[in-house]
Amino acid sequence: MNAIVQIAVDALSLGGLYALTALGIGLIFRVMRLANFAHAELVTCAAYALFALSAHPLVMAVAGSVVVAVVLAVLTERLAFRPLRAADPTTMMIASFTVSMLIQKLLIFGLGSRPKSLDPAPILSQAVWIGPAQVSQLKLVTIAVCAVLLLALTVFLRRTSFGLQMRAAAENFTMARLAGVRANAVIVVAFALSGVLAAVVALLFAAQSGFVQPRLGVPLMITAFVATVIGGMGSLPGAVIGGLLVGVVTTLLQTFLPPDLRPFREAFVFALVILALLVRPNGLFPARGLKERI
Amino acid sequence: MIRVSLRELVLRSAPLFALVALIVAITLVAGVADAVTARRVILCLVNVVAVVGLYIFMGNAGVLNFSSVGFMAIGAYTAALSTMPPNAKGMFLPDLPGWLMAAELPALSGPFLGGGVCAAVALVVGLPIMRLSGIAAAIATFSLMFICYIVLGNWTGLTGGQILLMGLKAYVGLWIACGFAMGAIVLAFVY
């Protein structure tokens with residue numbers, strides 16, 4: 001019973017992180033068909049902002065990191081992705097790789113590649129009892145924050161007029177523009193939202209791992225991207241479910257694999273990814289209007 | 001059988017001759033330059049082999065192929081394990097099976113053996129993956145590369161994990177690299 005509660009909390013908190021990152025990637029993919037690999041750098045820069053502001057109260061530090069992430073996201077859109085809007089998705093993906101590498105190297109150049117320790121929310125490191133099991137407060141907060149953000153995003157997309165415009169642009173960009181949706185505004189808001197999500201992920205991830213380094217966001221981004229593809233590129237519920245699924249599978253593998261096979265658990269996860277893609281190439285919840293004929 | 005006139009054959013092979021001439025010219029220039037430049041040119045020619053190999057697939061199929069990098073790793077370790085002298089192997093990789101520990105093939109057979117092993121692996125894993133297309137195929141090849149990375153990086157008994165393996169024979173000089181680069185270009189052209 002203890003073990004099940006702990007495994008569940010671990011799985012949901014890891015899955016929640018992946019789901020939030022996958023949402024950030026999926027939002028941009030829906031409106032622009034761009035697989036944004038620079039999202040990792042948004043997380044990294046937000047974490048560095050937290051590090052820079054660590055002497056100030058938590059609220060200020062979080063606000064600062066959100067601002068940094070949003071500004072960076074909007075800047076990358078304006079400078080790197082807007083000129084390429086008419087190019088094909090592969091070109092845009094390679095461009096996002098380039099932006100990601102540029103920011104990484106700039107960070108290494110400016111701040112050094114050694115990890116710096118960071119503890120934004122020390123009060124959360126205490127353990128809390130759920131029944132007989134002892135779980136980390138931080139993981140519970142992660143799950144709660146993820147749930148709240150998902151809910152907020154869903155409400156935004158379904159109930160507000162801007163959310164409606166974004167969904168329209170996602171389904172058929174040209175038709176939406178003809179109907180009066182302002183394309184630039186929609187895309188900039190999508191990037192800004194992904195910046196906010198990246199900042200939240202940065203806070204939670206940095207609190208869990210305790211340090212920040214230039215390649216912080218990369219493993220998170222890779223797994224979240226894969227989760228997005230499994231869940232169905234361009235489908236937001238798919239991204240969330242893909243993220244949760246990968247988190248759960250990783251945690252289960254970590255728990256139940258024999259010890260000498262444990263270092264290879266990522267290999268097992270990716271083998272399952274290949275299997276999932278062979279069975280459902282469009283993802284588990286393919287978005288309408290985005291289905292390529294495979 | 002398609003009858004192609006000699007003139008047409010020469011005209012169609014013109015790009016091939018131009019590229020091969022370029023490679024030979026670079027090698028000749030590097031041959032008279034200092035050692036640092038020569039080393040950079042060797043690295044450049046090895047990269048030519050890598051890129052040409054990658055593009056034999058990507059150019060013809062139009063699918064982003066990340067797994068090529070994983071195969072490079074497999075080939076590198078195969079070549080290393082088969083050509084390293086046994087005492088170097090014993091120092092870094094004490095847990096190798098007996099036949100692998102004792103194997104010491106001539107240095108130049110390393111890349112060909114590595115290539116053969118990679119071809120076999122690629123055939124086995126590529127057959128199911130090539131049913132996909134578009135971004136699903138790109139992600140599947142990405143997963144393959146990641147699997148190679150994790151497996152080779154953590155299988156300490158076979159590859160030493162993250163440690164450096166030293167004692168490999170340094171046989172890639174300027175002209176060997178040039179030869180491989182030319183071979184890659186010719187192969188790409190003929191395919």
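Q: What share of the residues of chain A count as buried?
A: Buried means under 20% relative accessible area, exposed over 50%, partly exposed in between (1.4 Å probe, protein chains only). Of the 294 residues of chain A, 48% count as buried. This is a predicted model: local features need pLDDT of at least 70, side-chain atom pairs count only at pLDDT 80 or more, and totals for chains, interfaces and linings use all residues. Residues are numbered from 1 along each chain as its sequence is written, and chains are lettered from A in the order in which they are written.

Q: What secondary structure does chain A have?
A: Helices (H or I, at least four residues) and strands (E, at least two) are DSSP runs, numbered from the N terminus. Chain A has 11 helices and four strands.

Q: What does the C-alpha trace of chain A span along its principal axes?
A: The trace spans about 60 × 45 × 35 Å.

Q: How do I find empty space?
A: Rolling a probe the size of a water molecule over the atoms shows where empty space is left. A pocket is an open set of points on a 1 Å grid over the protein atoms alone, where a 1.4 Å probe fits, with protein on both sides within 12 Å along at least five of seven lines; lining residues have an atom within 4 Å of a point.

Q: Which residues lie nearest the centre of the second largest pocket?
A: They are V218(A), P219(A), L220(A), I222(A) and F146(B). In total, 41 residues line this pocket. Among the elements that give two or more residues to the lining are helix 9 (217-231) of chain A and helix 8 (135-154) of chain B.

Definitions and conventions:
Side-chain values use heavy atoms; hydrogens and water are left out.
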